[in-house]
Amino acid sequence: MIGRVARGSSAKQAAALMNYGNLVAILIPFPLLIFWFGASMLVYALNRHHPDPRVGHYTQQAAYRFYGVTGFFVAVATFIPGGGWIWHLAAWIVAALILIPWSILDLRRIYREGWADILLDDEGHPLLGAVA
């Protein structure tokens, strides 16, 4: 008896979600960057241990980039003098130059891969050797 099926199309969307969130958050930084910072933790927690390990890989890579860039600039922004909007704008441009190309590259990789359905047992674990 077969339990559930993790659809390949759903896995592809799950793998792309973190990258899409990163793109939107960096293109419209205020207020979306703040909201995405919190929402991205939920997306990461939901997708990191997906039955298809590629979903977890792409989610983890996108999270590393996003948290690394935002964490670095939060630490650097501490030393920006009051009224230093040029420095904040420069930090946003550098963050965009880092996140946008890598996110687009990852999205291209995700959409070029073949995503097959995965059969799951009743507990949600992949069935070994089963093909959907």
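This is a predicted model: local features need pLDDT of at least 70, side-chain atom pairs count only at pLDDT 80 or more; totals for chains, interfaces and linings use all residues.
I begin with helix α1, which covers residues 8-27. Its 20 residues reach 29 Å from the first C-alpha to the last, close to the 28 Å expected at 1.5 Å a residue.

Let me turn to α3. This helix has 25 residues, and its end-to-end C-alpha reach of 36 Å is close to the expected 36 Å. Among its buried residues are Val55, Tyr58, Thr59, Ala62, Ala63, Arg65, Phe66, Val69 and Phe73. The cover over the buried residues of α3 includes α1, α2 and α4.

In general, a pair of packed helices is described by the angle between the axes and by the distance between them.

For α1 and α3, the axes lie 8 Å apart and the packing angle is about 5 degrees. Angles under 35 degrees count as roughly parallel, and α1 and α3 are therefore roughly parallel to each other. On the α1 side, the contact is made by Ala11, Ala14, Ala15, Met18, Asn19 and Asn22. On the α3 side, Val55, Tyr58, Thr59, Ala62, Ala63, Arg65, Phe66 and Tyr67 take part.

How are α3 and α4 oriented, roughly parallel or roughly antiparallel? Their axes come within 11 Å and cross at roughly 175 degrees. Since angles over 145 degrees count as roughly antiparallel, α3 and α4 are therefore roughly antiparallel to each other. From α3, the residues in contact are Tyr58, Gln61, Arg65, Phe66, Val69, Phe73 and Ala77. They meet residues of α4 including His88, Val94, Ile98, Leu99, Trp102, Asp106 and Arg109. The contact of α3 with α4 divides into twelve nonpolar, three polar and three charged residues.

Is proline 101 buried, partly exposed or exposed? Its relative accessibility is 42%, so proline 101 counts as partly exposed. Leucine 89 is twelve residues from proline 101 in sequence, and their C-alpha atoms are 19 Å apart in space.

Technical notes: Residues are numbered from 1 along each chain as its sequence is written. Side-chain values use heavy atoms; hydrogens and water are left out. Buried means under 20% relative accessible area, exposed over 50%, partly exposed in between (1.4 Å probe, protein chains only). Helices (H or I, at least four residues) and strands (E, at least two) are DSSP runs, numbered from the N terminus. The expected span of a helix is 1.5 Å times one less than its number of residues. Axes are lines fitted to C-alpha atoms, for helices over the stretch in contact, and angles run from 0 to 180 degrees between N-to-C directions. Angles under 35 degrees count as roughly parallel, over 145 as roughly antiparallel, 65 to 115 as roughly perpendicular and the rest as oblique. Contact means heavy atoms within 4.5 Å. Ala, Val, Leu, Ile, Met, Phe, Trp, Tyr, Cys and Pro count as nonpolar, Asp, Glu, Lys and Arg as charged, and the others, Gly among them, as polar.
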